[in-house]
Amino acid sequence: MLIRLTYASRVSPDVSPTALRDILATSQRNNERDGITGALVFTGSVFLQCLEGDRAVVNRTYHRIVPDERHSDPQILAFEEVTRRDFSDWSMGYLAYTQQNRHRFLRYSPNATFDPYQCTGAALGDMLRDLVESARALSKSVD
Ligand code: FAD
């Protein structure tokens, strides 16, 4: 059964850009092996991650991620059964919050500062699809 799980967590102090690259590399390696697709957003203080795949496999992956000391306060914000994947070509796509794409985050945010803990699961789903679409359009324009 195909499901999508979205959670947020807070980055731990002293997590370096190298540690972020390690997280992404490990995620891509493991997720490709496990048939998981998704996206990881990093705002500078908060992670927002979407994992899609088989229900048991996504559950197992999420429970492996939760105790990782490179983040804290993980909260599941949405969990849904889905008929298709949104990130079928990404074992774990990385989306950074930048001055250039800030407006795409704020479009779905109730506050002036984007905080996924304050957003509905539906708004986060729309926001991730919006971000992915613009990342795909950008990569096509530089191909
Ligand atoms: P290993 O081969 O044991 O480790 C891979 C690398 O990560 C090594 O460089 C190791 O030093 C380092 N590392 C592992 N655990 C820690 C730790 N607790 N603290 C510091 N460094 C560590 N894993 C996935 O498989 N899929 C995901 O989508 C995913 N998303 C993540 C999102 C976030 C925000 C975070 C913080 C972690 C995520 N992880 C993800 C990593 C996960 O928490 C585990 O570290 C990883 O799954 C362990 O896999 P492994 O046994 O193959 O890695």
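**Salt bridges and positive phi angles**

Arg 4 is buried, with a relative accessible area of 7%. In this predicted model, Arg 4 takes part in salt bridges with Glu 80 and with Asp 86, and the count of salt bridges comes to 11.

**Arg 4 and its partners**

- The side chains of Arg 4 and Asp 86 meet with an N to O distance of 3.3 Å, and this pair links distant parts of the chain, since Arg 4 belongs to strand 1 while Asp 86 sits in the loop between strand 4 and strand 5 (93–96), 82 residues apart.
- Asp 86 has a relative accessibility of 12% and therefore counts as buried, the cut-off being under 20%.
- In the salt bridge between Arg 4 and Glu 80, the closest N and O atoms are 3.5 Å apart; because Arg 4 lies in strand 1 (residues 2–11) and Glu 80 in strand 4 (residues 71–81), the pair ties together parts that are 76 residues apart in sequence.
- Glu 80 is partly exposed, with a relative accessible area of 34%, whereas Arg 4 is buried at 7%.

- Through salt bridges that share partners, Arg 4, Glu 52, Glu 80, Arg 84, Asp 86, Asp 126 and Arg 129 are joined into one network.

**Residues with a positive phi**

- Most residues other than glycine have a negative phi, which gives the context for the next two points.
- Asp 14 is a residue other than glycine whose phi is positive, near 70°; Asp 14 lies in the loop between strand 1 and helix 1 (17–34), and at 80% relative accessibility Asp 14 counts as exposed.
- Asp 73, which is not a glycine, likewise has a positive phi, of about 55°, but Asp 73 is found in strand 4 and counts as partly exposed at 34% relative accessibility.

Technical notes. Residues numbered from 1 in each chain as written. Heavy atoms only, no water. Salt bridge = Lys/Arg side-chain N within 4 Å of Asp/Glu carboxyl O. Helix = DSSP H or I, 4+ residues; strand = E, 2+ residues; numbered from the N terminus. Buried < 20%, exposed > 50% of the residue type's maximum accessible area, 1.4 Å probe, protein only.
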